[in-house]
Amino acid sequence: MGARRWLRKWINVAMADVVREFWPDRGGMYTCWNTKISAREFNYGTRIDYILATRGLRPWIKAADIHPDVKGSDHCPVYVDFHNETTTPNGHILTLRDAMGYAPGREPPRLHQQFT
């Protein structure tokens, strides 16, 4: 079995391809291009950068996408945006801070860089 087929099968069974869930019909959603042939200019690339999540994490995810317009390497940024809180199956509101076990007053680590 080829590597791509194995990855697709594994994602369908064990994980969620978060960006693809938000953009199921988008074509040309590449994240890597050959710089030697200026492939990015014509969007002739491959999608090798993923954000994979367990199905249990899915309710926390608000958005996910790629930023092919951000240049600096042969890859583009891939991001996920999380909700600050979610409602549990029993109706309780759970904050991301509490789910991650952060004590009151303690700042969570900075995990991203803003590209705007």
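A residue is termed buried when its relative accessible area is under 20%. The structure shown in these views is a predicted model.

**View 1. Helix 1 and its covering.** Helix 1 comprises residues 3-14, 12 residues in total. From its first C-alpha to its last, the helix reaches 16 Å, close to the 16 Å expected at 1.5 Å a residue. Helix 1 is hardly covered, since the count of buried residues among its 12 residues is one.

**View 2. Met-1 in the segment before helix 1**. Met-1 has a relative accessibility of 65% and therefore counts as exposed, the threshold being over 50%. When residues up to four places away in sequence are not counted, Met-1 touches Trp-6 and Lys-9.

**View 3. The aromatic pair Trp-6 and Trp-10**. One aromatic pair is found in a search of the whole structure. The pair consists of Trp-6 and Trp-10, whose ring centres are 5.9 Å apart and whose planes meet at 5°, so the arrangement is stacked. Because Trp-6 and Trp-10 are four residues apart in helix 1, about one helical turn separates them. Trp-6 counts as partly exposed because its relative accessibility is 48%. Trp-10 is also partly exposed, with a relative accessible area of 33%.

**View 4. Arg-26 and the ring of Trp-23**. The charged end of Arg-26 is placed over the ring of Trp-23. Its distance from the centre of that ring is 4.1 Å.

Conventions: Residues are numbered from 1 along each chain as its sequence is written. This is a predicted model: local features need pLDDT of at least 70, side-chain atom pairs count only at pLDDT 80 or more; totals for chains, interfaces and linings use all residues. Side-chain values use heavy atoms; hydrogens and water are left out. Helices (H or I, at least four residues) and strands (E, at least two) are DSSP runs, numbered from the N terminus. The expected span of a helix is 1.5 Å times one less than its number of residues. Buried means under 20% relative accessible area, exposed over 50%, partly exposed in between (1.4 Å probe, protein chains only). Contact means heavy atoms within 4.5 Å. Rings of Phe, Tyr and Trp (its six-membered ring) pair if their centres lie within 6.5 Å; planes under 30 degrees apart count as stacked, over 60 as edge-to-face and the rest as tilted. A charge sits over a ring if NZ of Lys or CZ of Arg is within 6 Å of the ring centre and within 35 degrees of the ring normal.
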